[in-house]
Every structure is written in structure tokens, then in C-alpha cells.
Amino acid sequence: MKKSINPHGVRKPFGNYSHGLYVPPGAGLLVTSGQLGIGADEVIPRSVKGQAELCFEAISKILAEADMSFADVIRINGYVTMREDFPAYMEVRDRFISDPLPVSTLLIVSGFTRAEFLVEVEVTAARVV
């Protein structure tokens, strides 16, 4: 069973994430590549929210292929191009995560492989087998 680690004396997390997450021995591990906000139909939404939804939906499908779900996600790395996009990104992210909350990092980057991309998300998942 995964265990959230938020020790006394460390400031409470800024959002819905854990400072640490313990994964017991014997867990299966899945690491995804960064997923961009582009659909299988090659359509790229103009909004961060729309792109983030595609990122998380793609990750959901990758997890399912490994017989996992977002309940197994232990780490999320998110990248956006503008600080103003944090709330829209986090609104989408928070719809997919559950307790124990994964650890999470969100960075502002100068851009991605194509100028239309506004967000990229990668996850690590672990499940005791």
C-alpha cells in the first residue's frame, strides 16, 4: 500500500500533492514519456485546459494498457509555458488524482517542439503486484 509522506515541520503542500510517497517493495513500475496536448486526430486545442485534458486522457489510456489507473500514479511532472496557466492546468490535474496524493512538480518552460503546444505532462505509476 502506498503511503503519503508529509512530515510535521515541513510546510503543507501548496496544492493537491504529497511531499513524498512511499511505495513498498514488489511494486510494478510504469514511466510515461511526456504527453502533449494533441489528439489522435492531430487536433491541438488552443487552450491550456483543452491541451491538459488531452494529456491526462492519453496518460489514462497508457495506464490502462498497463492494467493501471490514476490511483497508481505516484509522480506527476507538468510543464506549462506561462505562469498564468497554472490554475487551468491544476484544475484538470486535480480531476484525475486521488488519495494518497502523488508527488507533483510543475515548471514553466520556454516552449515545446511546436509553438502550438502549451502543456506537457509525464507520470510515474507504481502498483504492488
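Reader: Which residue of β7 stands opposite asparagine 77?
Author: Glutamate 122 does. Before we go on, this is a predicted model, where local features need pLDDT of at least 70 and side-chain atom pairs count only at pLDDT 80 or more, while totals for chains, interfaces and linings use all residues. Residues are numbered from 1 along each chain as its sequence is written, and side-chain values use heavy atoms, with hydrogens and water left out.

Reader: What makes β5 and β7 a pair, and in which sense do they run?
Author: Two strands pair if DSSP finds at least two bridges between them. Strand β7 (residues 119-128) and β5 share seven bridges, in the antiparallel sense, so they pass that test. As for the names, helices (H or I, at least four residues) and strands (E, at least two) are DSSP runs, numbered from the N terminus.

Reader: And how do you know that β5 pairs with β6?
Author: Count the bridges: DSSP gives six between β5 and strand β6 (residues 103-108), and here the sense is parallel. Glycine 78, for example, has leucine 106 of β6 as its bridge partner.

Reader: Why is β5 called largely enclosed?
Author: Strand β5 covers residues 73-80, and seven of its eight residues are buried, so the rest of the structure largely encloses it. Buried means under 20% relative accessible area, exposed means over 50%, and partly exposed is in between (1.4 Å probe, protein chains only).

Reader: What makes a right-handed unit out of β5, α2 and β6?
Author: Picture the strands pointing away from you: a crossover is right-handed if the path from the first strand over the helix to the second runs clockwise. The β-α-β unit of β5, helix α2 (residues 86-96) and β6 has that hand.

Reader: How do you know that the span of α1 is close to what is expected?
Author: The expected span is 1.5 Å times one less than the number of residues. Helix α1 (residues 48-65) has 18 residues, for which 26 Å is expected, and from first C-alpha to last it reaches 26 Å.

Reader: Which elements do the buried residues of α1 pack against?
Author: They pack against β3 (27-31), β4 (35-36), β5, α2 and β7. Contact here means heavy atoms within 4.5 Å. Among the buried residues of α1 are Val48, Cys55, Phe56 and Leu63.

Reader: How many aromatic pairs does the structure hold?
Author: There are four. One of them joins phenylalanine 56 and tyrosine 89, with 6.0 Å from centre to centre and 45° between the planes. These two sit in distant parts of the chain, 33 residues apart, with phenylalanine 56 in helix α1 and tyrosine 89 in helix α2.

Reader: What makes phenylalanine 70 and phenylalanine 96 a tilted pair?
Author: Their ring centres are 5.1 Å apart and their planes stand at 55°, so the pair is tilted. The rule is that rings of Phe, Tyr and Trp (its six-membered ring) pair if their centres lie within 6.5 Å, and planes under 30 degrees apart count as stacked, over 60 as edge-to-face and the rest as tilted. Phenylalanine 70 is in the loop between α1 and β5 and phenylalanine 96 in helix α2, so this pair ties together parts 26 residues apart in sequence. Phe56, Phe70, Tyr89 and Phe96 form one aromatic cluster.

Reader: Why is phenylalanine 70 called buried?
Author: Its relative accessible area is 10%, so it falls on the buried side of the cut-off.

Reader: What makes the charged end of arginine 11 sit over a ring?
Author: A charge sits over a ring if NZ of Lys or CZ of Arg is within 6 Å of the ring centre and within 35 degrees of the ring normal. For arginine 11 the ring is that of phenylalanine 14, and the distance from its centre is 4.0 Å.

Reader: Why do aspartate 67 and proline 100 deserve a look?
Author: Most residues other than glycine have a negative phi, and most peptide bonds are trans. Aspartate 67 has a positive phi, near 55°, and the bond joining aspartate 99 to proline 100 is cis, with omega about -5°. Proline 100 is in the loop between α2 and β6.

Reader: Is aspartate 67 buried or exposed?
Author: It counts as exposed, because its relative accessibility is 57%. Aspartate 67 lies in the loop between α1 and β5.
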